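Subject: Structure handover

Hello,

Here is the structure we talked about. Please open it alongside this email; my notes on what turned up follow below.

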Amino acid sequence: MRRLSVWIAFIGVLAFGVAAVAQAPEPIVGTWKLDVAKSTYEPGPAPKSATVVVEAAGKGFKVAVDAVGADGAAIKWGFTNLEDGKDFPITGNAAYDTGMTIRTSPREGTNTYKKAGKVLVTAKTSVSADGKTLTVTSTGTDPKGQTMNNVAVYTRQ
């Protein structure tokens, strides 16, 4: 269950599933490191560390997560959002099996994450105007049925 906090922290990176306008850089593409001190995890605990790498992949994005959970366990998972308006598979994550992204602006988006067809978490993602900070605000229910409210803050590397 402690790994869920780490997974929630990264799910928002899917929020930017729309293809880039010609020659316009995508704000979400890059390497992001979790700033644990600026983040909040309720009910917690927070992960010890996390790095997320986001790459352009056709009309979507490939995301690779490398983290250390609060319990010291290594956490590695990833996905590719094919940007076809349908649920996409999430691999290596026991909490969710599919996700879906709606982009609300070039720097913001909303994601829903499901297990067996049931929506468990909604994550709102925002890249700052200067492109240096990624904030993921996640609300929903963890696998234990507890209400969760996480705000994960990342810095561009």
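A residue counts as exposed when its relative accessible area is over 50%, and as buried when that value is under 20%. Partly exposed covers what lies in between. K76 has a relative accessible area of 58%, so K76 is exposed. Please keep in mind that this is a predicted model.

Salt bridges

The whole structure contains 4 salt bridges. Three of them are described here, starting with K76.

K76 pairs with D66, and their closest N and O atoms are 3.2 Å apart. D66 sits in strand β4 and K76 in strand β5, so this bridge ties together parts 10 residues apart in sequence. D66 has a relative accessible area of 39%, which means that D66 is partly exposed.

E26 and R103 also meet through their side chains, at 2.6 Å from N to O. Where do the two residues lie? E26 is in the loop between α1 (2-11) and β1, while R103 belongs to strand β7 (residues 98-105). The pair therefore ties together parts that are 77 residues apart in sequence. Are E26 and R103 buried or exposed? Both are buried.

D35 and K38 form a further salt bridge, with 4.0 Å from N to O. K38 has 58% relative accessibility, so K38 counts as exposed.

Aromatic residues

There are 3 aromatic pairs in the structure. One of them joins W77 and F79. Their ring centres are 5.5 Å apart, with 35° between the planes. That makes the pair tilted. W77 is buried because its relative accessibility is 6%. F79 is buried too, at a relative accessible area of 5%. Together with F88, W77 and F79 make up one aromatic cluster.

Nonpolar core

How many residues does the largest nonpolar core have? The count is 28. Inside this core, the residues with the most contacts are W32, V52, V54, Y96, L134 and Y154. Several strands give two or more residues to the core, including β1 (30-34), β3 (49-57), β4 (60-68) and β5 (74-81).

Best wishes

Conventions
Residues are numbered from 1 along each chain as its sequence is written. This is a predicted model: local features need pLDDT of at least 70, side-chain atom pairs count only at pLDDT 80 or more; totals for chains, interfaces and linings use all residues. Side-chain values use heavy atoms; hydrogens and water are left out. A nonpolar core is a set of buried Ala, Val, Leu, Ile, Met, Phe, Trp, Tyr and Cys residues joined through side-chain atoms within 4.5 Å. Buried means under 20% relative accessible area, exposed over 50%, partly exposed in between (1.4 Å probe, protein chains only). Helices (H or I, at least four residues) and strands (E, at least two) are DSSP runs, numbered from the N terminus. Rings of Phe, Tyr and Trp (its six-membered ring) pair if their centres lie within 6.5 Å; planes under 30 degrees apart count as stacked, over 60 as edge-to-face and the rest as tilted.
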